[in-house]
Amino acid sequence: MTGTRFLYLNVGHSIDHLFMLMFPAVAALAAADLGAGYGELLTLATGSFIAFGAFSLPAGWLADRFSREIMLSIFFIGIGGAMILTGLVTESWHIAVTLTLVGMFAAIYHPVGLAMVARGGGDVGRRIGVNGVWGNMGVAASAISIGLFADFAGWREAFLTAGLVSIVLGIGWTRLTRADRLAAGAARKRDASPSLDWKRVLAVVFITTTIGGFIFNAMTVSMPKVLDDRLAVYQLSATEVGAIASLVYAAAAFTQVAVGRAIDRFAIKPIFLGLMAGQAIALYAAINSEGWMMVAIAVLVMVMVFGQIPINDTLIARHTPDAWRGRVFSVKYVLSFTVSAAAVPSISWLYDSGGGFPTMFTVAAGAAVIITFAVAALPGRQRTALETAVGGDD
């Protein structure tokens, strides 16, 4: 994979998350502009998040059936156009429609972009880890970029500018990959055999994705409030607590690169087991931790949470043929996004009726133990069909 192509895929991951979070970030500004309430405007983004999950399946199927390069062109240009429309419309229901379009086009990236990042073997773990960090930076950039536009322009200008940038990227991507499409299709046909243990591996991936998705969203959504509660004795401002939470996320996000490099050099199973067992221990330790000890444990928890992400994606890349990969990634992300939607009300219920965050950490620790047992079911050194044909050893 060329450096330019990989850069486009990484930037695409960033803008995918950035664009999905831009309207929630500007909802207060948009409410003032349209004369509506914040809560009313925030609900307009519901359709975009539903579409973000639901349209992953058809996107993965179309990419595997026709062309990933073309689908990514549609992603860049389509999401850019939808962002521009959102910046131009004036009625609330129009915004709901255009945001749903944003979610539809955003759904293309994960099953298509990750299948392309994983193409070609080699240091696939490192590539997936780097790509994951770019996605996390898109999440972080949403609040920063909106703050800049709020101070110097307006929320509509933010959407118009972002949309234009994405369309320009789409044109550049289309020109870059025009000559690669036929070769990529032929390569997918040659890579048509799954690994011998693919059913067991994918079962473990889908279990860890489903349960791990709850842990991931529970921790990322609740961490600012957790730190606010556990650092109350220091009487920190909301800005200071938010900055600490951001540093926790940023420090942990780069774990994906380290884990990606490690699984390229060593066996995945012991690394995965270590991460999940460590996550269970760290979550259990968080139940009653206070003060700066809670901050240290929060870093450990998020390191384990982020470290799991490139492992699941690398397992899919190594055990499914390239011709199937978009569809398998799409199923994985539908599961992940569905759990994401369920995590927020679950956290609310656990907090209100279960005695606060200790109950949430107890449930999360139990979930991590279940994942640890699932990971233990992974095969050790797996052979591919080709290795078996030539007499490779376990």
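Trainee: In which helix is the place of Asp 228?

Mentor: This is a predicted model, in which local features need pLDDT of at least 70, side-chain atom pairs count only at pLDDT 80 or more, and totals for chains, interfaces and linings use all residues. Residues are numbered from 1 along each chain as its sequence is written, and side-chain values use heavy atoms, with hydrogens and water left out. Helices are DSSP runs of H or I with at least four residues, strands are runs of E with at least two, and both are numbered from the N terminus. Residues 198–230 form the helix that holds Asp 228, namely H11.

Trainee: Is Asp 228 buried, partly exposed or exposed?

Mentor: Buried means under 20% relative accessible area, exposed means over 50%, and partly exposed lies in between (1.4 Å probe, protein chains only). The relative accessible area of Asp 228 is 34%, so this residue is partly exposed.

Trainee: How far apart in space are Asp 228 and Ile 244?

Mentor: In sequence, 16 residues separate Asp 228 and Ile 244. From C-alpha to C-alpha, their separation in space is 9.8 Å.

Trainee: Why does Asp 313 count as buried?

Mentor: Asp 313 lies in helix H15. It counts as buried because its relative accessibility is 2%.

Trainee: With which side chain does the side chain of Asp 313 make a polar contact?

Mentor: Contact means heavy atoms within 4.5 Å. Leaving aside neighbours within four places in sequence, Asp 313 is in contact with Leu 114, Ile 128, Phe 329, Lys 332 and Tyr 333. A polar contact is a pair of N or O atoms within 3.5 Å; within protein, one must be able to donate a hydrogen and the other to accept it, and residues adjacent in sequence count only if both atoms are side-chain atoms. At 2.6 Å, the partner side chain is that of Lys 332.

Trainee: How many helices does the protein have?

Mentor: Of its 394 residues, 49% count as buried. The secondary structure has zero strands, and the number of helices is 18.
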